[in-house]
Amino acid sequence: TIGYKTRTTCSVIVESIRHDTDLRYKSAIWWLKAGSTTSSSNRQQRTLYQQNVAFPCKNKNSTVWAGTNVGTIVHQGKTYYARVYPPTKTDNCGV
């Protein structure tokens, strides 16, 4: 299995925090989505730690992996967004 964890930490308690996370692999020149978007959220917290982003390896072929996470925070009625791109990783975990 390959995957990663995402964490958002705010300095104060916020109305909600949400993560929408994709795991992708490189195929020739394209980045293809592995599985579906994984979501996690909470309410009235300072931190969201998402640990459910994983894809089961189908073989041991060397594959370049990447991901993206869109974080959404609602605080005092306003919505804030951020997108994060974790570093790529090459692993013997193929699709």
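**Cysteines**

Start with cysteine 10, which is buried, with a relative accessible area of 11%; buried means under 20% relative accessible area, exposed over 50% and partly exposed in between, with a 1.4 Å probe and protein chains only. This is a predicted model, in which local features need pLDDT of at least 70 and side-chain atom pairs count only at pLDDT 80 or more, while totals for chains, interfaces and linings use all residues. Residues are numbered from 1 along each chain as its sequence is written, and side-chain values use heavy atoms, with hydrogens and water left out.

Next select cysteine 57 and cysteine 93, which form a disulfide with their sulfur atoms 2.0 Å apart. The rule takes a pair of cysteine sulfur atoms within 2.5 Å, and the count by this rule is 1 disulfide. Cysteine 57 lies in the loop between strand 3 and strand 4, and cysteine 93 in strand 6 (residues 89–94), so the pair ties together parts that are 36 residues apart in sequence. Strands here are DSSP runs (E, at least two residues), numbered from the N terminus. The torsion about the S-S bond of cysteine 57 and cysteine 93 is about -105 degrees, so the disulfide is left-handed. Cysteine 57 is partly exposed at 32% relative accessible area, whereas cysteine 93 is buried at 1%.

**Aromatic rings**

How many aromatic pairs does a search of the whole structure find? There are 2 aromatic pairs. Rings of Phe, Tyr and Trp (its six-membered ring) pair if their centres lie within 6.5 Å; planes under 30 degrees apart count as stacked, over 60 as edge-to-face and the rest as tilted.

Select tyrosine 25 and tryptophan 65: this pair is tilted, at 5.8 Å centre to centre and 55 degrees between the planes. Tyrosine 25 lies in strand 1 (residues 2–27) and tryptophan 65 in strand 4 (residues 59–75), so the pair ties together parts that are 40 residues apart in sequence.

Tyr25, Phe55 and Trp65 form one aromatic cluster. Tyrosine 25 and tryptophan 65 are buried, and phenylalanine 55 is buried as well.

**Arginines**

Select arginine 7: its charged end sits over the ring of tyrosine 49, 4.0 Å from the ring centre. The criterion is NZ of Lys or CZ of Arg within 6 Å of the ring centre and within 35 degrees of the ring normal.

Finish at arginine 43 in strand 3, which is exposed at 61% relative accessible area. Leaving aside neighbours within four places in sequence, arginine 43 is in contact (heavy atoms within 4.5 Å) with Val14, Glu15 and Ser16.

Conventions: Helix = DSSP H or I, 4+ residues; strand = E, 2+ residues; numbered from the N terminus.
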